[in-house]
Amino acid sequence: MSRNSDIIIELARELGFKYNEDFKTVFGYHNGYLVTINNLGIFKPFTVNIAVKKDDDVPILDDIRNIIQYNQFVKRCDSHRFRLTFLLKTKYKLSGHRKLHLAVKDFIEELTVKLKELGYRNCCQSCGSSETYSSFITDSNTSLCPTCFNAVSSYLISNKKLRAPQKDNQLSGYLGAFAGAVLGAALILLFSYLGYFYYSVFGLAMAFLTVKGYELFSGVINKKTILFCCLIMIFIIHFTNRLDWAFSVADYYETDLFSAFRSISYLIQDEYISLSYYLGDLAKLYFFAALGALPVISKALNSHTKPRRDFQLKLLDPDISNEQDSAESV
């Protein structure tokens, strides 16, 4: 277990809460309110979530403003139906965490005490029912009653938002990646032929089309397939740059494209083509391709290597000491 996880577990213990490793969320009851704390990565601001109602109605924003207006620890509060999300200014650091834990604990104590004084009660964030679970559905943490939890789960399943593991069709994926790279190369050649000075920026398009081509035709992205996509791009970019120069040579010497393509190496060797210009064009294409590939690859890997799971954490009133929290898969 990482040092960061140990510190978060320590925070949960100090609050008398539980900690869920999968969603990096601390959750529990305090003064009769179900409180969840998430966004617990290093150097990220905490968010504290609570769902409350007053006279069976949603929270009154003026009440919430009065609670936090003099609190230097809260950056802002967002509300959606019965749920309140407080974004805290302090970011998590491995050093000085004890002082931060104390500040979070004091804020939760102050918040729940003032909510109780104003007559707010704990409730489901969706319908306002007093019977609540802490439910973690597709990486979002919510306070739901059993009825709303089942409704949300059914909705997600019926809309296929919970994706089952897909079979990797590598051959189709390779063809899709190759087709995407060729389409990107065509864009580069087209805009170069039209005299567009910054045609190399279409290396971004090639990277996107190559990775998305594999993902579209295969359905699965992993490190092995990413390596294949990178090799395809390296080869296609080299070929594209050479072909682009071949068009110029064919036009200048009034010869056919095939002969011009074959003569590129000899023309560079005899210094009819400047090596620095040739390599400069190649370097720009590689640079923009890498620039476009990094975010696309990162997003694709995250979506395919981190499966989306549904499970529910049921929290019981802390006064009921003979029962334990339970977790069940959906």
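Modeller: The protein has nine helices and 11 strands. Keep in mind that this is a predicted model. Of its 330 residues, 44% count as buried. The protein exposes about 18,600 Å². Carbon and sulfur atoms supply 57% of that area. Take the contacts in the protein with a separation of 6 or more: residues 24 or more positions apart account for 60% of them.

Now the helix pair. Helix H7 covers residues 223-253, and helix H8 covers residues 257-269. Their axes lie 8 Å apart. The packing angle is about 105°. Angles from 65 to 115 degrees count as roughly perpendicular, so H7 is roughly perpendicular to H8.

Which residues of H7 and H8 meet? From H7 come Phe239, Arg242, Leu243, Trp245, Ala246, Phe247, Val249, Ala250 and Tyr253. From H8 come Leu257, Ala260, Phe261, Arg262, Ser263, Ile264, Ser265 and Leu267. By class, this contact has 13 nonpolar residues, two polar and two charged.

Helix H6 runs over residues 203-218, which makes 16 residues. At 1.5 Å a residue, H6 should span 22 Å. The C-alpha atoms at its ends are 23 Å apart, so the two values agree. Which residues of H6 are buried? They are Gly203, Met206, Ala207, Thr210, Val211, Gly213, Tyr214, Glu215 and Ser218.

Definitions and conventions:
Residues numbered from 1 in each chain as written. Predicted model: local features only at pLDDT ≥ 70, side-chain atom pairs only at ≥ 80, totals over all residues. Heavy atoms only, no water. Helix = DSSP H or I, 4+ residues; strand = E, 2+ residues; numbered from the N terminus. Buried < 20%, exposed > 50% of the residue type's maximum accessible area, 1.4 Å probe, protein only. Contact = heavy atoms within 4.5 Å. Areas by Shrake-Rupley, 256 points an atom, 1.4 Å probe, with all protein chains shown as cover. Axes fitted to C-alpha atoms, helices over the stretch in contact; angles between N-to-C directions. Parallel < 35°, antiparallel > 145°, perpendicular 65-115°, else oblique. Nonpolar A, V, L, I, M, F, W, Y, C, P; charged D, E, K, R; others polar. Expected span 1.5 Å × (residues − 1).
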